[in-house]
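Dear colleague,

Please find below the structure that I am handing over to you.

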Amino acid sequence: MKDAFGLPQSLLVLGGTSEIALATARRLIARRTRTVWLAGRPSHALESAAAELRALGADVRTVAFDALDPDSHEAVLGKVFTEGDIDVVLLAFGILGDQARDEREPSAAVRVAQTNYTGAVSAGLVSARALQAQGHGSLVVLSSVAGERARRSNFIYGSSKAGLDAFAQGLGDALHGTGVHVMVVRPGFVRTRMTAGLDEAPLATTPDAVAAAVELGLRRRSETVWVPGVLRVVMSALRHVPRGLFRRLPV
């Protein structure tokens, strides 16, 4: 169960090598969390992440999980929940894709959509049902400001995040009053391996800054978290820019 400050004792990370997720896990372990499950494709990176968190004092286990295999999600995640209650599920998997290539190769674009949206819908619903069955818990969904309005430079990725964001909001409404809390996290440009080599956008942030925002959001039981917070105002303005003018903006 969560402590008096709303921080979890147990954490399940879907996307166990995500830099943002691992920064969040490190932060929560430093506060209260003692049991961590890292779910992802079996790899050296996944085992290294687990070893790093174990060194911080947590009981860390790994589980084979593939976002692109939704037929396996119920069995894989169900096994985790049979081991004990999970206070927080952090849905952190996703791929950026390559916009130019993905426009030329529709199958590559579909892979972005299947990973970021279809896989997340499956894993999110399975996790939400398990949290509801135990009567408590939070589902934290890593969305993106890219989903707020499609941009020419990354509309394939942005559209997948728009779908994820809408799904998570609706799921939060559906679970209201059940004891299960859904929190949508909308970071801007985050300096990670995934964005290495890309031109840095204004108001760029770090995995540690996102982790701090997630912790604060859990304490406050927030439903939407922007990182950095000023992006709430920026994106509110951009959503209302006329389309003709928006096309001429350097975004």
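Predicted model: local features only at pLDDT ≥ 70, side-chain atom pairs only at ≥ 80, totals over all residues.

Residues are numbered from 1 along each chain as its sequence is written, and side-chain values use heavy atoms, with hydrogens and water left out.

The largest nonpolar core has 32 residues; such a core is a set of buried Ala, Val, Leu, Ile, Met, Phe, Trp, Tyr and Cys residues joined through side-chain atoms within 4.5 Å. Buried means under 20% relative accessible area, and exposed over 50%, with partly exposed in between (1.4 Å probe, protein chains only). Among the residues with the most contacts inside this core are Leu12, Phe65 and Val89. Helix 5 (106-134) supplies residues to this core and gives the most, with seven. A second, separate core of 31 residues includes Leu46, Ala92, Val185 and Leu218.

Helices (H or I, at least four residues) and strands (E, at least two) are DSSP runs, numbered from the N terminus. In helix 3 (73-82), the buried residues are His73, Val76, Leu77, Val80 and Phe81. Seen down the helix axis, these fall within an arc of 135° (taken from the directions from the axis to the C-beta atoms), so they line one face of helix 3. On the other side, Glu74, Ala75, Lys79 and Thr82 are exposed. Just after helix 3, Gly84 takes a positive phi of about 145°.

Yours sincerely
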